[in-house]
Each structure stands twice: as structure tokens, then as C-alpha cells.
Amino acid sequence: MASTPAARDGVSGFGAMWVRWLDRAPFLVALLILLVIVAIRSRLESGVLTLDELNVDTASGLTLMLAATGQTIVLLRGGIDLSIGGIISLGTVLAATHFGSDPVSVGAWSLAILAFGFGAGALNGLLISVLRLQPFLVTLAAWSIFTGIATMILPTDGGSVPEWWTRFGYATLLGLSGPVWVLLGLILFWYWFRATRLGIVIQATGSNERSAILSGVSLIRVNIATYGLSGLFAAAAALYLTTQTGTGSPLIGRDYILPSVAAAVVGGISLFGGRGNLVGTLIGAFILTIIGDLVFALHVSSYWQPVLSGLILLVAVLVSSLTEKSARRQSQ
Amino acid sequence: MELLEVSGLSKRFGGVVALSEASFSARAGEVHALLGENGAGKSTFIQILAGALHPDEGRIALSGAEYRPTNPDAARDRGIVTVFQELSSIPDLTVEGNIWFRREPRTLLGMRDKREIRRRTEALFQRYAFPTLNPGQELRRLGLAERQVVEIAKGLAQDPRIFILDEATSALAARETEWLLDLTRRLAAEGRLVVFISHRMGEVRAVADRLTIFRGGRTVAAHNASEVSDDEIVTQMIGRRLERLYPERLPYATERVALEVRGLSSGARLSDVSFQLREGEVLGVGGLQGHGQRELFQALFGVSRAEGESLLWGKPASIASPRDALIGRDGIALVPEDRRGQGLLLGKSVRENLTLSVIRRISSRGVLRRESEAALVKEMIDFLRIKVSSPEQQTDTLSGGNQQKVIFGKMLLTEARILLLYDPTRGVDVGTKSEIFQLMRDLAAKGYAILFYSSDLPELVNVADRVMVMRQGRIAATLAGDQISEDAILRAALFEEAA
Amino acid sequence: MNAFLARNRLVVLAYVGMFVLLAVTAFFSPGFLSESNLRSSIVLAAFVGIVAFGQTFVIVGGGIDLSVPWVLNSAAILMAAFTGGHDLPLLWVAPLLLVAGGLIGFINGFGVAVFGVPAIIMTLAANVVLQGLIVIYTGGVPPPTAPGLIRYLSVGHVGPIPVIGVIWAVLAIAASLLMSKTAFGRYLYAVGSSTTVAEFSGVPTARTTISTYVLSGVTAALAGILLTGYSGQAYLGMGDPYLFTSIAAVAIGGASILGGTGHYIGTIAGALVLTILAGLLPALGLSTGALMVVYGGVILVTVSLSSDAFVGVWRLVSQWRAAAQR
């Protein structure tokens, strides 16, 4: 009696131990991949294991990390947020067209953009709950709308931000760059968030929506909070992006949507909801960011970068898919 | 004074009357059973008490004070806690995470207080002598019975004045059921009111002080438990004398072996199972839940991987998927455990569901033949007396009993003469249960071979020709004829020394 | 008749919407209804419709195909490269590329059905890998022009009817038959509704799922080949717009993104709606940005029109009313 794919039984022996480990720390695969990449790079080039490298890499990857943080919360809820592409684009456009040169103006507009991000996300959450629409479609439509608005305001890349704003990426404090501090902040945020009632409720609702409803959870509130947070982080990503590019770009957001999902999946977040650790996502985002460096170090054409990304994504998801199946089989 | 006093409660859904001037009266310190068939109005009543529905008319009083909850949280605030049959388990949270969900004690910054949570959980477990549970265990690793226990713990953690248990024992095995019945008496002794809904007369008899019977949305009777007989209860529940719940058990088994299994093993939960199922026989499978019964059925049907041999009608068979099992007259069919998740396409019509397994039969060269389909559908609806307005009716609008009939029909259409039935009468009303038992014996008479698992001991005792009791993934004992009794089954399920 | 309308109300709504849109467009831009304009609209819609053919099957089956852009692009580039602008090589190049598209689809389907990789990830990875490989192959330099035959197929017409319109019509009939009248169609709806239930009922779930992705790969490749004819040349990124439009067309056509319901006939209306809008807005002097906003709005409106949406609103309203009465 062989197996059907949908019913493959758990693996035994060494495999079973591996499965148990992965179940407890789904981001182990990501960590492993990261270590391998760093190891290869450090053999091929110098200066890889330095603080400076960390600062630089984090600076390039922070936009994705911020976007992926919001996406992780949504994925934990069991949904998906495609609109972050539009929010990021519109965020950069608004920043580049409205930032004055003084801190007050920049500060006020930054807050406004963050508020917009949260509001847009909250609106998504509202539509999803009240109209009972699928997150995929609602956020797809929202992406289109926000990208459209961004394009109407700024048909091509343009606008500008104050010079001092762009220095954030390499400002340092105690040897660590601004982006690294933000990264640490994200990790702290995560460990706080997931212990709060809201964090627990979001995870629970993603784990089993029906059970959550039976337990008295208000789907409207959960969805508004979930997608609102995602929008907020997308807006933050937009603001950070402008410190890197110095311009507004109506189409740039699209480059972050699917990678934000990929980073989370590589990091062990389950697409079904309810399981996962943001640290995994951050590692995943880090991996996606430094693949380009790896390809460069291997002296291979940079065209291989997407191929490598795709393959890593597949490997990571295959591993976590197999272990998820085993875990599910165990639980029956 | 009565703790809970309900009068004139009515509720309609569109044209359907769910409750009509229902009444209910219960005291603190008692265990009060609520009986009635599915569709009698019990769940509507419970949902109103729990604040999930609002009545159209009527009055509810708690210790004399008016009670009109706007939502479930309001009900809980007044001390009314309901443990529904449908579990609210959250698989990725731990046992204690589930128990204290949404009411976790918190420390600074709103973070949950892990130490306090653990302390309260252990105190709760201690106080009510809970079966052993690891508070830090993720719920997804637990079986159905344990999840039900967690659900009960979750209810108790809310310190209820009125504790409503809706079919709480349906998922439990014998040992946990004993504990739960004990628990209800203990809670009543603490001065609470326990409202106990169950289809199992034995349990009701064991704990109920008083009982109320609903039928057709109305309250037809309320008795002190000691003053009424089982027969009277059943009569009042279904409104007519039920000749017998269980059909006459004539011996139909022949010598021919329909299904033979040798050394069947699957994972950790099923080890070296061997048995023979004969033509015309109804073979029951018993034992505590989680001892390999599910794995056995899934292995036989090809849903999970297993080692060992199986022979269908004498011929060796290799069943790697349900598709391999459903091969027509010589095949095996399964009526699965989970009606909604494994048995029916809820958004589709009765017709589409009935013919789902015989699509090849109703099509020629890949093209569907509507007339063949319509004919088969009509035949099965008539044969099983499925109550539908038309074959196009969506299955999610059917009652549990009718849904089960559709699944039966789907499997019967495959013409497979070996039937695996996994707890076929769970959550099904008395009337349909009786029909299903009769169907099983009728099919046996026609030469079908039936293997059926039931968590209900009286069912096994009264319907099966033989009973295989499973323990720890093996067959602990096989009982036949006079050997079959609830006692014998339980003993074999629990103790080492079985025959 | 009423029962038919009730069962297929979403598709009917899609067509009603389309005709209303057509009327509005004709009102604001009378030139729109001219023969040449209608013809070019059908051609444009056909491309969306062809890609959406495969996407419809995949989505109804409960999945999604994000690899469409680069399957399309790869087929386009390889066709231009292998034929070098000549007609004759098409004899072997075209079938080869369609098979290759199907093969990619097979790999996607295999990953999803056999290894349990979520569709989003599997097809996304395929898309990214294909992009990388093709860019490596071309060295960033797109190949020469398309053969004349392909250009004819894309832009030419038989009498008043565009050839590609005929191709689309043939595909449409095939899709409708497949979905409504065959065993495969029944399996498709079952797998899309619940893979578990289908599995337990003996439905060949893996085979069905894989078939949907194969179909998607083939039609994406076909669209790539034809699209090269339309623009006269293959270029990098030509497939990108078709991801959004293929999914949008399926959604507007009334299919549930979760699978189990929907029909290609609806997708046709969806493709037409998207194309008409793309023609209307420039005529009104609105920019591409505005078009994107409108697209988003249309998707929201059409998917809201499913009954579930209003149940949710109704429930909220009833709750408020009940609360107000207390």
C-alpha cells in the first residue's frame, strides 16, 4: 500500500528528528542557507564577516525587511497583502513631491504617509471582513488603485528629498548603522507583539478562523488591525526607500510584493497561517538581498541572480512543505 | 427560585420555525439534561442562551433578573458558558494558550504572563481532576478526545454559573467520559447549573437530576429523571413509538471472505492487524478513541500508507489511493469520519455530490451523460429517502442526517460491496440513526461486507455480528455472539488480559 | 430559464456590466463602435483571453499561475530566435514551444500536486527562474523580428473577422465544453472545491491539477507566439501585464479565487471589460494611472456583487439595528 502525495506519511529515524527540530524553529532552514551563503562569500572575498558588511547589507535589504514584516503579520493571519506594492509606490511619490527641506515638514509628511499606509491597510481589512471578499483580490485591486494614483501624481520617477534625509542609510550609532538599529527594533517589536493579545489573536485567527470566531473574536477588528499594520510597515518601507533612492517612483513597489512573500516563506512562515517567526522572515529577506553579492563573488553573470533566488525559494519551501505535512500527519 | 427560567421563547429563520414558545426551567446545583432529536430546537435554544442568536419573542430570567445578551461576550459576563459540539480548538496554540485565549493574564506592556498562565492552568487541572494533559503541548498534536477535554477546560476557566455542555461526550472515549460525568456532578455540587445535552441515554441516566424534552421547536415535557422511563423519553422525543432503534439482527454472514487483512501496519499507530471480514457480515470495531481505528480505516481505503497484505474477495490488492479502492463491485468504499471536510462538497448540489465517485460511469469517452446521471441520482434519493426539495439543492443546506445519507449514496453508487463506515451515526438524529442501522443490515442481507467503527458502545453491541476491539494499534480481542457486551468491549479496550 | 440565470448569475452580471460599459463608451466616444476599432479591441482582448484560458482552469481548480508572464515571454523570444524571421521553421518551432510551455506547466503542477508546494510559491519560483534563464540566453539582447505568418495570425483577418478572434473563439468553445460537459470538468470543480473530498471520492486529483497547469503553460506560450506577431518583435517584459489582466479577467468573470466555481464564458466577459476600459479611458483623456485606478475599482465592484458580499453588509446592518433597539 503505497502513498498518495496528499497523504505521505512522516519520515522515520533521522528524518523524524529533523522534522521535530524544524517544527520548533521553522526558520532553521533559512538560517542554514544564510550561513552557507556567508561561508561561501567569506572564502571568496574579504571583509564579509565585518560590521561594515552587516551595515551595508542591512541598508540594501531594509526596504524588503520592512515590507516583509507587514506581510508576515498578514500571512500569520492566513491572508496575503498584494497592496503593499501600491502603498510603497505611493509612499515614495508622496514623499518625493511633498517633503520640504526642513525636518518639520519631513516629519509631518512622514507621519501622514504612515497614517495613510495604516488607513489604506485598514480599509483593505474592512472590505475583506464586511464584504466577505478574498484578500488576494481585494489587495490586488488596492494595489492597482494605489499604483494608479501614484502614476497620476508622478508619471515617471522624479521628485526629490532633502539631502540630509538620504544620509540615514549610513549614519551610525555605536558602530551600527541606522538600518541595523531598525532591524534590531523589528526583532524587539516582534517578540513584544506576539505576546500581546492582538498578536495572539491574529495568529490564532490564522490558525483556525472558525475556532477564533467561536471564541468571540471579531473578524472585522482583527482584519483591520492585521492589514492596517501591513500597510503601516509598507509605508515605513516607502519612507526608508526614499532615503536610499532619493526619488519617488510610481512603479517601484511592484518589485517588493512577491519578494516579501518569498522572504517569509523562506523564513518558515506557513502560507496557511498560524505559524511562523518574524526572525525567519528577516533572515529570508537578508538572503534574498545578498544573493546578488554571492553571484558577484562567484564571478558569474549577474543574470543568474533571479535563477538562484528562485531555486532557493523552491528548496526552502519544499523542505518546509515536507515537514509541515509530517507535522500534520503526526497531529492526527 | 429557579436559576434559569425561560418562557415563551420563539425564533424563526425565514419561513422555518426553530423554536415555538419553548420553556425551560432549571435550578442551581443540578444537572439538567436537554433532550431532543436534531432539528428539535436544542441548538437554537443553546445559541440564544449563549448570546449568539436573538429570540423573536420570549423571556429569559437568571435568578429572576432579565437576561438578554447582545452577544456571546455578554453571556459569558453573566456566567453562562457553553461548550459547543463544534470545537473551537486553535491548533497552533498550546493547551494553556487555548484555555486562556482572549483572557490571558498580562504583565507590563500588555504581554502575556507565562508563569501566571501556567499556575492557573495547573490549578484548574488539579481542582477538577483533569485527565493528564501537558499544558505546553501544541494543540495540533492532540487527538480529538484530548481537544474536547481542553475545550471543557476552556469553559471551566471562565468560572461559569451555568455550564452548558452540547454533546460534549461525542468525541470522548470511555475513560474521559467517566471523568466528564463525574465533573458534571462535582460542578452541580459546587452550586452551579449544568445543562447537559447528549444523545446517549446511558450518560443522561448517569448524571441527570431533571430532564427537559424538545420536539419540533416546542417543549413537550419536563421530568425528574427518576420519574420517567427510557421508553417514555424516546417516545416523547420522536413523537411516536419507535419500534426499535436497532433492527433485528439476522445472521447473513456466509463463508466467503470479502476482505482479508494480514499484518497491516501503518506508522506508529497501527501494528500488525490481521482479520477477515465475511460476505454478509457486519463487523464492528471498538476500543478507546485514538487506538488505531482511524488509521485502520484510512489504510484500508488507501488514504494513508501502510505495509501488509490485503485481499479483496480472495484476490491480492494493492490500494495506494481511494481511486484504487473504488473499483466497482469488488472494491472498498468508505463513509469517512468528517462529513464536511472529507465527505461532501458543501457548495455543490446533491446531484453533483452523489455522482462524484462514479463520473466514469455516467460519461462515455469523457463526455458526461446527463440522463444517466439523473437516473442514478433519482434512484439513490428514493432508495435512501434523502429529504431534498430537488437534486439541485446544495448540500450545505441539508441536516446532518441527510448529509450523511448523501455520502452513503455516493459510496453505494460505486457498487463496492465492502463498506467501511467510520462512526456513521455521529451527530445524526435518532430517526436517521435507526434508518442507517436498518440500511446496514439490509445491505448485509444482500451480501455486502461491512466494517464499522463506532464510539458508542450500545451501537456496537446491538448492530454488529462480531466486534474487534482495538488497543494500542492492535486487535486486543474479537468478540462474537454472546461474548459481545459493553462490559466485555470496555474491558478488552482497557486491560492487558483480553482474550 | 430562471434557474439557469440564478445558477450563473455572476457570469450574466459580467456580461450585463460589459454591455453597459460598451454603451457608456459609445456615448463618450462614438468612434469606438467603428468596425476597425471593434476589430482591434477584439484582437487585444483575445490576447488576454488566451492567457486567461489557462488561468481560468488553474484558478477554478483551486490554484493560481504566476508563471504566465515569463512562459509567455520565453516562448516569444525563443520563437523569434529560432525562426529568425522566416515562416518555414514555424512548422517545428511552434509545436515545440507549445510543448515546452506545457512542460513548464507540468513541472508547476507536479510541484503543487505531488510535493504540496503552495501554488503561489511554485509558479512564482518558475517565473523567476525562467526570467533568469531567458535573460541569460539572450544576454539582454532581444532577438530579431517575427515571421510573417505569425504576424498574419495576430493582426490579419478573414473577411471582417480577425484571425486571432477565430482562434479565440475556438478556444472558447473548447473551454466551455471541457468545463461543462466532460468528466474532466466535473473533476476540476471537485478538486477546486475541496481537494480532500475529491481525494476521498476517488477523483484523480493529481492528474486534474497537473492538467490545469499544463493547459496554462500551453496557452501562455501560444499567447507569447501570437503577441510577437502583433508587435512584430519579441522584447523583454512583454509578458508582465498579462499576469494582472489574466487574473482580473477570471475574477471579473465571476470565478471564486479559491476555486470550485466559475466558467470560461465569464472570463471572456472579463477580458472584454478590461479591454474596453483600456480603450475608453484614453478616449476620455485619462492617463494610464487613471486606468489602473479604474481597473482596481472594477475588480472590487464585480467581486462584491457575489451574494456573500451583501450577506456580510446585511448582517452588520442587522446587528446595528438590533443593538439600537436595546
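Predicted model: local features only at pLDDT ≥ 70, side-chain atom pairs only at ≥ 80, totals over all residues.
1. In chain B, B:A33 stands opposite B:L211 in β9(B).

2. Strands β3 and β9 of chain B belong to an open sheet of 6 strands, in the order β6-β7-β8-β3-β9-β10. The pairing in this sheet is mixed. At its edges stand β6 (80-83) and β10 (218-224) of chain B; each has a single partner strand, so one side of each is left without a neighbour in the sheet. From one strand to the next the twist averages 20°.

3. A helix of chain B packs on this part of the fold. Helix α6 (residues 174-189) of chain B lies across β3, β7 (162-166) and β8 (193-197) of chain B. The helix runs at about 150° to β8(B).

4. Chain B also holds an open sheet of 4 strands with antiparallel pairing, ordered β2-β1-β4-β5. Its edge strands, β2 (16-26) and β5 (65-66) of chain B, each pair on one side only. Strand β4 (residues 57-62) of chain B and β5(B) run antiparallel and are joined by 2 bridges. Within the β5(B) pairing, B:A61 stands opposite B:E66.

5. Chain C has a secondary structure of 15 helices and 2 strands. Its radius of gyration is 21 Å, which agrees with the value near 20 Å that a compact globule of 326 residues would have. Along the principal axes, the C-alpha atoms of chain C fill a box of roughly 75 × 55 × 35 Å. Of the 326 residues in chain C, 56% are buried. For contacts in chain C between residues at least 6 apart in sequence, 78% join residues at least 24 apart.

6. Chain A has 13 helices and 2 strands. Buried residues account for 57% of the 332 residues in chain A. Among the contacts of chain A that link residues at least 6 apart in sequence, 80% are between residues at least 24 apart.

7. Which elements of chain C meet chain A? The contact involves 45 residues of chain C and 41 residues of chain A. On the chain C side, two or more residues each come from α6 (119-138), α10 (195-200), α11 (205-231), α12 (241-252), α14 (288-304) and α15 (307-325) of chain C. Helix α14(C) supplies the largest share of that side, 13 residues. By class, the side of chain C that touches chain A has 31 nonpolar, 12 polar and 2 charged residues.

8. Chain C also touches chain B, with 21 residues from chain C and 23 residues from chain B in the contact. The elements of chain C that give two or more residues to this side are α9 (183-193), α10 and α15. Among these, α9(C) gives the most, with 6 residues. The side of chain C that touches chain B consists of 10 nonpolar, 7 polar and 4 charged residues.

9. Read side by side, the element lists place α10 and α15 of chain C on the side that touches chain A and also on the side that touches chain B. Helix α14(C) is listed for the side that touches chain A, and α9(C) for the side that touches chain B.

Key:
Residues numbered from 1 in each chain as written. Chains lettered and ligands numbered in written order. Contact = placed C-beta atoms within 7 Å. Nonpolar A, V, L, I, M, F, W, Y, C, P; charged D, E, K, R; others polar. Rg over C-alpha atoms; globule rule 2.2 N^0.38 Å. Buried ≥ 20, exposed ≤ 12 C-beta atoms within 10 Å, placed from the backbone. Pairing = 2+ DSSP bridges. Axes fitted to C-alpha atoms, helices over the stretch in contact; angles between N-to-C directions.
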